[in-house]
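Dear colleague,

Please find the structure below for your study.

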Amino acid sequence: MIKVNLTHRIWLAFISIIVLVGLSIIIIYPISIKGTLTEETYRLIEHEQIRSAYPLLDLLNPRNEHDFTDREAGRVGHFFIYDTLGRPAEGAPPPKEVLQEMAQNAYRQEVNRGRYEIQYGGATVFYVIAKAQIDDYPAFHISYMWDTYRDQMVNRLWERLVYILLLTSGLSLLPAIWLKHYLRQPLIVLGNHLEQIANRDWKEPLKWKGDEDFQRLSDQFERMRQNLNLYDRAQKTFIQHASHELKTPIMVIKSYAHSVKDGILPKGNMEQTMDVIIEEANRMERRVIDMLYYTKLDSLKEESPKHEKIVFGQIAFQIEERFRVQREDVKILVKGPETQLWGDREQLEVLLENLVENALRYAKDTIWMSAHSTEDHVIITVENNGESIPSHDLPQLFNPFYKGNKGKFGLGLAIVKRITELHGGFPKVENSEVGVMFSIFFPNNPKSKMRKK
């Protein structure tokens with residue numbers, strides 16, 4: 001298959017249109033124009049025939065400029081034959097063999113006026129036969145015209161049409177040239193930026209001003225560039241934070257291990273020294289588990305979670321029992337345990353665990369877990385009576401590795417956001433009257449997608 005570029009396609013499209021129009025004219029024109037001019041020839045013959053039969057019409061209805069022009073366009077001959085044998089033709093009759101055929105058609109004609117044609121001398125004669133009365137004798141008024149007039153008109157029109165076709169063909173190439181340059185410039189610009197992105201260079205913005213369609217395309221491209229830039233920065237941030245978070249426990253474990261090997265016990269005895277090593281290993285394990293779970297959720301974006309009907313209290317009371325021993329001075333209250341929702345049980349447990357664990361770090365003495373259902377969605381909230389969050393920090397809390405003043409790793413709330421989005425909902429955080437409240441909006445219909453308000 002032959003590959004052609006955009007420029008060649010434009011040229012081929014315009015040339016194809018010109019060829020199709022030309023072929024249509026060459027095929028259709030001779031048939032349509034000859035038929036039209038033949039009809040006009042008969043009309044002219046009949047018109048002149050009536051004028052010849054009734055000369056007083058010129059006095060009652062004088063010829064206007066148009067009639068005069070039509071009359072002079074071709075010469076019409078007239079003669080009469082009688083419906084009685086033995087009487088000769090009057091006027092300017094044609095040659096004998098032509099006259100015989102005309103007479104036969106006249107005698108067989110039943111209507112008052114008929115149209116005929118005959119070939120003679122390599123040309124066509126158009127004639128009209130009209131019944132008449134001459135001195136009370138039945139007769140036929142025959143008017144004729146050679147096809148020279150029609151053929152001349154066809155040739156003249158054809159010549160002019162060819163000139164017009166050539167002129168319009170040449171002029172039509174001008175829009176093709178303009179269209180080629182019009183499309184080529186933005187495509188070159190877009191291609192250059194795509195080449196830059198292929199080389200992982202997406203710092204230069206793209207903004208095309210002009211045609212609305214190209215401007216919309218450039219806006220979409222710019223959004224893609226910005227998303228790639230954000231993804232690139234997030235990836236670098238992820239690696240930096242992960243390296244930092246894993247580096248500290250690894251250094252502690254290595255230093256303690258070397259100390260033990262050298263016979264030095266940093267904590268005074270072997271048991272306490274091993275406890276530090278185990279604690280740092282557990283800390284590192286938790287970080288790795290969080291990162292693996294976060295990347296696992298990222299890989300599930302194209303898949304729908306397993307949806308089953310879940311009673312909120314079944315999950316909430318388990319989490320309340322699990323976390324109550326971590327801070328005995330904090331009460332965890334559950335409201336709306338009978339609320340039902342659709343979702344993946346395992347992911348919803350992780351979501352609530354992260355929200356409650358986050359609330360435990362800031363709550364003074366109370367955490368509220370609640371759920372209620374509306375017509376459109378199910379709302380789960382986790383509220384604590386700790387200090388309010390600065391307004392400039394609120395939009396950043398769900399970003400990966402963004403930690404508050406008591407944060408640990410910065411992935412807990414990012415996991416909450418990802419699980420919520422996998423369920424078609426969205427999270428929200430705000431300062432409440434008593435402290436800070438996290439709200440999770442899930443759609444009532446598990447197949448629907450909600451828009452963030």
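A residue is called buried under 20% relative accessible area, exposed over 50%, and partly exposed in between (1.4 Å probe, protein chains only). This is a predicted model, in which local features need pLDDT of at least 70, side-chain atom pairs count only at pLDDT 80 or more, and totals for chains, interfaces and linings use all residues. Residues are numbered from 1 along each chain as its sequence is written, and side-chain values use heavy atoms, with hydrogens and water left out.

Salt bridges come first. The term stands for a side-chain nitrogen of Lys or Arg within 4 Å of a carboxyl oxygen of Asp or Glu, and the count comes to seven. In one of them, R327 is joined to D329, with 3.0 Å between the closest N and O atoms. R327 is partly exposed at a relative accessible area of 23%, and D329 is partly exposed at 47%.

R225 forms a salt bridge with E222, their closest N and O atoms being 2.5 Å apart. Both residues are buried and lie in helix 6 (residues 212-261), three residues apart. Helices here are DSSP runs of H or I, at least four residues long, and strands are runs of E, at least two, numbered from the N terminus.

Helix 10 (residues 412-422) has eight of its 11 residues buried. R418 counts as buried at 13% relative accessibility, whereas E421 is partly exposed at 38%. Just after helix 10, G424 takes a positive phi of about 80°.
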